[in-house]
Amino acid sequence: QLVILIISKEQLMDFGLSENQRKWQLISREFATKIVAPEALERDRIPFAKDRIPWDWIKLADEAGIRTLGVPKEFGGAEESILTMCIVGEELAAADLGFAVIMDQCWKMAHLFKDAMTSEQQLEFIPKFVANNQATTAIGITEPDIGSDHQGYYDGADIGMKTTAVRDGDSYILNGTKRYISNGCMATLYFITARLDATKPLSASGAVFIVPSDTPGFRPDFFHEKSSQRLATNGCFHLENCRIPAENILLGEGKLITLRSQYMPGSKAEAAATVLGVGRAAYDYAMTYAKERKQGGKFIIEHQAVSLMLARMAMLIDGARLQIYKAAWLADVGDKDARVQGLIAKVQASEAAFEVCRLSTEILGGAGIMYEHPVEKYLRDAASFLHSDGTNQICSLRVTNVLADLNSAALYGF
């Protein structure tokens, strides 16, 4: 008997990349290999943050279509999927995490360009961003008194966001300080969070404002010096009676949580993809080293201790990538589970990458901490994502809350 099975497209599970995704993977891999990788180590050791900003790479990334990867097509961007941006982010980060983070900040804000802005806001801000081939974006949330608590595990009125927005006629007056901001003090366009009423929780009083860097009252202060992501900036800046037109508010008053939950569903997956690139680079370097280095009369890859470490590294990377792709795909199709899967991806990828980088230093032995090898840089970079984009502890607690359905109505997507 001949049995014919008719399987719909929806029932197929395909782990392959599309032709378009492979195209962007090759574009970004070539860019990373030819432009970024040859100078990444040297630039990483430039003493001062302001001198490390890779303006030339940003311009070249614009020419390659990478900078505007998430911008809507009608404004000249590629408007690519979250999964495609994860693929590109991994490739860039394999050459340098800091540069990948600069690009990823632009992609994350591109989601707001596309989905959260009014048509008037789009016409006002997107063409300017696209026209400036060195323009980047940033979101200003973290402050001296607010860090992990803005991630959504807790939503009390005592959350430490001090930046205020006061309505004054047809404008809002913003005052406050932001610190540790990715692309801070180098971006041309900022999305600034503020509170309209300090007596209410962020879910009721939080709002997001579009603030160009040349707005009077926007005052860049300094770049934080750091050991990780050294080509990306983390800046501290102040808003001093910064007058913002009322039409520059996103969605409206009290919409901060809505913006983060509904309009940035792939944010954690994108972040996870960049740190995964660091782990992949460390694995590749350790594998090559193990096949070339001889000890005890044979190549060290032939020693079981080293071989077992390499196998574990490969398993960690592959498992994290599958989780990232799952979270990104769910976000692209609008599945609500994308939010919790993105949290899982961020924790899994950052811990996997850090462990892979640690094992890589072990495989190199004493050479692992030497400047002539990139492994010490990989380990420094991977360490940053144990807390970047939310500490792993906070992300994990949010996962538990969602899975246990504890207060999930307030916290699910934030």
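Biologist: Quick one to start: is tyrosine 180 buried, partly exposed or exposed?
Modeller: In this predicted model, tyrosine 180 is partly exposed, because its relative accessible area is 44%. Tyrosine 180 sits in strand S3, which covers residues 171-182.

Biologist: And what is phi of tyrosine 180?
Modeller: Phi of tyrosine 180 is near 60 degrees, a positive value in a residue other than glycine. For background, most residues other than glycine have a negative phi.

Biologist: What about asparagine 241, what is its phi?
Modeller: Asparagine 241 also isn't a glycine, and its phi is positive, at about 50 degrees. Asparagine 241 belongs to strand S7 (residues 234-245).

Biologist: Is asparagine 241 buried or exposed?
Modeller: Asparagine 241 counts as exposed, because its relative accessible area is 56% and the cut-off for exposed is over 50%.

Biologist: Let's go inside. Which residues touch the most other members of the largest nonpolar core?
Modeller: Those are Leu92 and Phe191, in a core of 103 residues. Helix H9 (residues 267-292) gives the most to this core, with 14 residues.

Biologist: What does phenylalanine 191 contact, leaving aside its neighbours within four places in sequence?
Modeller: Phenylalanine 191 is in contact with Met109, Leu112, Phe113 and Met117, with Ala138, Ile139 and Gly140, with Val208, Phe209 and Ile210, and with Leu250.

Biologist: How many residues are in the second, separate core?
Modeller: That second core has 20 residues, including Tyr172, Phe209, Val211 and Ala246. As general background, nonpolar side chains tend to be buried together in soluble globular proteins.

Biologist: I've been looking at glutamine 105. Is it buried or exposed?
Modeller: Glutamine 105 is buried, because its relative accessible area is 9% and the cut-off for buried is under 20%. Glutamine 105 is found in helix H5, residues 97-115.

Biologist: Which residues does glutamine 105 touch, not counting those up to four places away in sequence?
Modeller: Glutamine 105 touches Thr137, Ile139, Ser182 and Asn183.

Biologist: Switching to helix packing. At what angle do H11 and H12 pack?
Modeller: Helix H11 (residues 338-364) and helix H12 (residues 375-384) pack at an angle of about 160 degrees, with their axes 9 Å apart. H11 and H12 are therefore roughly antiparallel to each other, and their crossing is left-handed.

Biologist: Which residues meet there, in H11 and in H12?
Modeller: From H11 you have Ala353, Phe354, Cys357, Arg358, Ser360, Thr361 and Leu364, and they meet Val375, Tyr378, Leu379, Ala382 and Ala383 of H12. By class, that contact has nine nonpolar, two polar and one charged residues.

Biologist: And how far apart are the axes of H4 and H10?
Modeller: The axes of helix H4 (residues 82-95) and helix H10 (residues 304-332) are 8 Å apart, and the two helices pack at an angle of about 145 degrees. Ile82, Leu83, Cys86, Ile87 and Glu90 in H4 meet Arg321, Ile324, Tyr325, Ala328, Ala331 and Asp332 in H10.

Biologist: How many charged residues has the contact of H4 with H10?
Modeller: There are three charged residues, along with eight nonpolar and no polar ones.

Biologist: Last one: where is aspartate 197 found?
Modeller: Aspartate 197 is in the loop between strand S4 (189-195) and helix H7 (202-205). At 25% relative accessibility, aspartate 197 counts as partly exposed.

Biologist: And how far apart in space are aspartate 197 and alanine 311?
Modeller: C-alpha to C-alpha, aspartate 197 and alanine 311 are 53 Å apart, and they are 114 residues apart in sequence.

How values were computed: Residues numbered from 1 in each chain as written. Predicted model: local features only at pLDDT ≥ 70, side-chain atom pairs only at ≥ 80, totals over all residues. Heavy atoms only, no water. Core = buried A, V, L, I, M, F, W, Y, C linked by side-chain atoms within 4.5 Å. Buried < 20%, exposed > 50% of the residue type's maximum accessible area, 1.4 Å probe, protein only. Helix = DSSP H or I, 4+ residues; strand = E, 2+ residues; numbered from the N terminus. Contact = heavy atoms within 4.5 Å. Axes fitted to C-alpha atoms, helices over the stretch in contact; angles between N-to-C directions. Parallel < 35°, antiparallel > 145°, perpendicular 65-115°, else oblique. Left-handed = near helix turned anticlockwise from the far one by under 90°. Nonpolar A, V, L, I, M, F, W, Y, C, P; charged D, E, K, R; others polar.
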